[in-house]
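The structure is shown first.

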Amino acid sequence: MTIVSIFNNKGGEGKSTVTVGLAEFLAGNRDRKVLVIDLDAQASSSCALLGNRIIRQATEEGKTSAELMAKLRSSRKPIDDVEPFICWRAGTETRGSSLGELAVMVPDGPRMFEMEEAMNWKKDTQLMLSRLKPALETFDFVLVDLPANVKKSSTFCINGLAMSDFILIPTRPSRISLEGLPLTFDTIRYVQDLNTNGRPAILGLMSNATDKRFQQYKSNFPSVLKYSKAGDLPPVFAHHWPPMPALETATDERRDFETLKERFGSAYDYARKVTREFEKRCLEFEQQKPARPIRKTIWQTLGLK
Ligand SMILES: Nc1ncnc2c1ncn2[C@@H]1O[C@H](COP(=O)(O)OP(=O)(O)OP(=O)(O)O)[C@@H](O)[C@H]1O
Ligand SMILES: [Mg+2]
């Protein structure tokens, strides 16, 4: 079982879209058992995978990450079962690229905020790591969709990051997007220091909404690739996602998809390739020691801070 947070502290970089794409392809194309934990009160990925009606019903029944946290806080040892807190999205039987079954844990914004006020942001940082992670062993992959603007006091998100083995950072190749990276790395470093074992390691930067012919890419991304190659920045995924209408609508609430080809249209091959690379990198990373920390001066070198 591998837990990966999809995280970028800047908004709109594609965290939820990438979470949905990876979840669908890991389940449908790779036959993996996948759980998506949505820690963003906006519920974008839950909405894309389950729809609003099921989210409302789950919230009424207390099948949410907020209620799970209440349980983790009150129990002294790891919980046995996450089943009471998850919703299942059934797979399809259509021939070809059928959808796989997916488990989703939805957020409950108001209850999360209420609980965050009551929690101790300095002490309650590893409840998910110590009391939830053992119960997730039945899954091959757990993907955690995080919101933007995560702070030290965002206790739910810090918990999600702290229990993760790896972090995947989707970023657009524009200047304004890359300028958000230092803060993203600072947040990750904060969590690595809490854990003291170098985890979560940064699996890589994934270039989203990227067209290599565009000026934004040409003027900004080569230096990122150069420093990444030298080991001064995390690895950059060889595969990317282009800007595409099929990806723009991937997090829309539409419930009648039968196949991955229908759902991802012309983006099918891009999403499939990124998923393969994601799996391969997870496997490689599991056998590696955490990489060296990113040196602070890299941002000055890149002219980003
Ligand atoms: N490759 C892409 N091509 C076209 N549109 C995209 C692509 N990736 C993301 N988008 C669109 O960009 C917007 C932001 O994407 P998304 O919601 O996945 O980002 P996010 O990082 O999860 O945002 P937030 O910080 O608000 O949670 C959405 O409208 C999404 O449909
Ligand atoms: Mg999102």
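The text below treats the ligand, then the pockets, then the backbone.

The model is predicted: local features need pLDDT of at least 70 and side-chain atom pairs count only at pLDDT 80 or more, whereas totals for chains, interfaces and linings use all residues. Residues are numbered from 1 along each chain as its sequence is written, chains are lettered from A and ligands numbered from 1 in the order in which they are written, and side-chain values use heavy atoms, with hydrogens and water left out.

**Ligand 1**

The shell around ligand 1 has 18 residues, of which Lys15, Ser16, Thr17, Pro242 and Glu248 come nearest; a residue is near a molecule if one of its heavy atoms lies within 4 Å of it. By class the shell holds 6 nonpolar, 7 polar and 5 charged residues. Here Ala, Val, Leu, Ile, Met, Phe, Trp, Tyr, Cys and Pro count as nonpolar, Asp, Glu, Lys and Arg as charged, and the others, Gly among them, as polar. Two helices, α1 (15-28) and α11 (245-248), each supply at least two residues of this shell, and α1 gives the largest share, 3 residues. Helices (H or I, at least four residues) and strands (E, at least two) are DSSP runs, numbered from the N terminus.

| Residue | Atom of ligand 1 | Distance |
|---|---|---|
| Glycine 14 | oxygen | 3.0 Å |
| Serine 16 | oxygen | 2.8 Å |
| Proline 242 | nitrogen | 2.9 Å |

Taken alone, ligand 1 exposes 630 Å², and the protein buries 81% of that; accessible areas come from the Shrake-Rupley method with a 1.4 Å probe.

**Pockets**

On a 1 Å grid over the protein atoms alone, a pocket is an open set of points where a 1.4 Å probe fits, with protein on both sides within 12 Å along at least five of seven lines; lining residues have an atom within 4 Å of a point. Grid points are joined across faces, edges and corners, and a volume is the space filled by probe spheres set on the points.

The largest pocket holds about 480 Å³ of space. Its lining has 27 residues, with Ile202, Ala291, Arg292, Pro293 and Ile294 nearest the centre. The elements that give two or more residues to this lining are α9 (181-195) and β7 (201-207), and α9 provides the largest share, 6 residues. The lining comprises 13 nonpolar, 7 polar and 7 charged residues.

The second largest pocket has a volume of about 390 Å³. Among its 23 lining residues, Gly12, Glu13, Gly14, Thr17 and Arg172 are the closest to its centre. The elements α1 and α11 each give two or more residues to this lining, which has 9 nonpolar, 9 polar and 5 charged residues. Ligand 1 takes up the space of this second largest pocket; a molecule sits in a pocket if more than half of its atoms lie within 2 Å of its grid points.

**Backbone geometry**

Most residues other than glycine have a negative phi, and most peptide bonds are trans. The peptide bond from arginine 199 to proline 200 is cis, with omega near 0°; proline 200 lies in the loop between α9 and β7. Aspartate 31 has a positive phi, near 60°, and lies in the loop between α1 and β2 (34-38).

Key: Polar contact = N/O pair within 3.5 Å; in protein donor to acceptor, adjacent residues only side chain to side chain.
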